[in-house]
Amino acid sequence: MGTDSEQGAKGGNASRLARATALIAIGVGIVLVAFVLFGSSGGHTYHLLFENGGQLVKGNQVLVAGQPVGTIDSITLTDNAQADVTVTTDDPLREGTTAIIRETSLSGEANRYVSLTPGPNNNPDIPNGGDITGDATQSPIDLDQLFNTLNGHTRRALQRVFAGQATIYAGNTQAANRTYKYFAPGLDSSQRLFQELSRDQANLTSFIVSSSKVLTAVAARHNDLTNAIGHANTALGAIATQNTALDRSLRALPPTLRQSNTTFVNLRAALDDLTPLVDASKPATKNLPKFLARLRPVAQNSIPIVNNLAATLTTPGPSNDLTDVLNTLPGVERKAAKASPAAVAALNASQPNVAFSRPYVPDLVAFITKLAQGTGYYDGNGHYARVSAADTGVFAYNSGTSTLEPNPPPTQYQGLQIDTTQSRCPGAATQPIAGSNPFLDDGNLLGMCDPANVPPGP
C-alpha cells in the first residue's frame, strides 16, 4: 500500500484522463454534425432552361405532385437569353421530365414554384448537373401580356365585367364562399355528365343536329325573340320591385305545398267514397235532361232579375247600392251603440205614459173618424169612450134668426169642466153594463182609474 501522496497523484491523473476523453468525444460529435449539416447531402443538381425566370427567386420550392422534392439554388442568364434555374432534388430525375413554373396566387412576392412531371420509370436518369432544355419547360404567362393582346374596347368591357362581379359579390362573400366550396364537386358532376353524353355518340350527334335546327329556326325569328326578351326584362323588373312580397310567397310555398299534398291524399279517399254516390245518382240523372230543358226558360227569364240584383248590390257611383249601404252600417252601428242606451232608458221611462194612454186609443180614433158625432161613441155595449165633447158655451143658438151667435166672453167657458173625468175608466162615459163596461183590462187598470166614476142611472 502506497502513501497518501502517491494515491492522490494517481487519482488526479485519472480525472485528467477522463476529462480529455470527454473533450475528444465532443469534438468528434461536432465534426459529425457539421459533416451532416454542411457536407454533401446526396442531392442531385440540374439546370432547367426557361424562356424567362417567371419571378422565381432563390429558395423557391420544387414540387412533384404537390409534394416538395427540392429547392432552387440559383437563377442566371444564359448566352442565348434564357433563364438557367439551378435546382437540387432529393431523388434523381429521369429523361422525359417536364417542368413548369406555377404560382400559388395572382398577387404577392416569392409565391412561385417549379412543378415537375417525372419521366417514365423505364427511362434512364438524367446525369447529375444535366440540363432540362426549353422544349420540356414552360414559363408562366403574365396577365399583363394577356391583356396587352386585347384592344382598348375589349379591355374596357372586361373592366366593366370585373366591376360588375365586384358589385354582385358585395355583401355576399359568405354565400360566394359556400358556392366556391361546391364548385369543384359541381365540375366533377358536370364531367361525369359529359362523359355519359359522349358515350352514346349517335344520340349526341342527333341531339346536336336537332339543336342546330332549333337554333336556326330561332335565329329566323330574331326580332320576335328580341321583343320577347324585352318583355321578359320588363316582367322580371316588375317582379324585382316586389321582391319582398315574392320572398314571403316563396317562404309560404313549402307549407302550402305540404298542406296541399295532405289535401290531395284525403281527396283520393273522398273520391273513393264518392263513387257509390255517383253510382246511386245515375238513375236519377235519366230525367235530368228534361228538367234542364224546363229550367232553361226559367234561367233565361231570371237574367233580368239577376242583372237587377247585381245593380242593387253594386252600381257605379257613391251611396246608390246595397254595398254602399253595408259600408255605412258600421258607422250607423257605432252611432246606434251610443244612442241605444238613451233610447232604451227613454222607452223604459215612457212605459207608464204608454200604459196610461192606451185606454184612450178608442177616444182618439173616434175623434179622427167620427168628428163631432156625439152618438158615434156608442157600440153594442153602450158608450165606450172615456172622453166626451162638452159644450163650452162659446156660441148660442138664436132660434129667431136660426144662427149661432157668440156669447159674451165672461160666459163662454162657464160650462167647461176640467179633469172631471180624470179617474174615469174606459167605457165609463155611459151607464155601466155588467161584463161590458167600464173596461178594466182584467184588473190591470185598477188603481189607475175609478170604476165607480160613471154617469148616474136613468
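View 1. The protein chain exposes about 34400 Å², with carbon and sulfur atoms supplying 61% of it (Shrake-Rupley areas, 1.4 Å probe, only the protein chains shown counting as cover for residues). Of its 458 residues, 14% count as buried (buried is under 20% relative accessible area, exposed over 50%, partly exposed in between). Keep in mind that this is a predicted model: local features need pLDDT of at least 70, side-chain atom pairs count only at pLDDT 80 or more, and totals for chains, interfaces and linings use all residues. Residues are numbered from 1 along each chain as its sequence is written, and side-chain values use heavy atoms, leaving out hydrogens and water.

**View 2. The largest nonpolar core.** This core has 17 residues, and Leu48, Phe50 and Val87 are among those with the most contacts inside it (a core is a set of buried Ala, Val, Leu, Ile, Met, Phe, Trp, Tyr and Cys residues joined through side-chain atoms within 4.5 Å). Strands β1 (44-50), β4 (83-89), β5 (98-103) and β6 (112-117) each give two or more residues to it (strands are DSSP E runs of at least two residues, helices H or I runs of at least four, numbered from the N terminus).

View 3. Arg192 pairs with Asp188, closest N and O atoms 2.2 Å apart (a salt bridge puts a side-chain nitrogen of Lys or Arg within 4 Å of a carboxyl oxygen of Asp or Glu). The two sit four residues apart in α5 (residues 183-199), so about one helical turn separates them.

View 4. Asp247 and Arg251 meet at 2.8 Å, N to O. Asp247 is partly exposed at 36%, while Arg251 is exposed at 61%.

Methods: Buried < 20%, exposed > 50% of the residue type's maximum accessible area, 1.4 Å probe, protein only.
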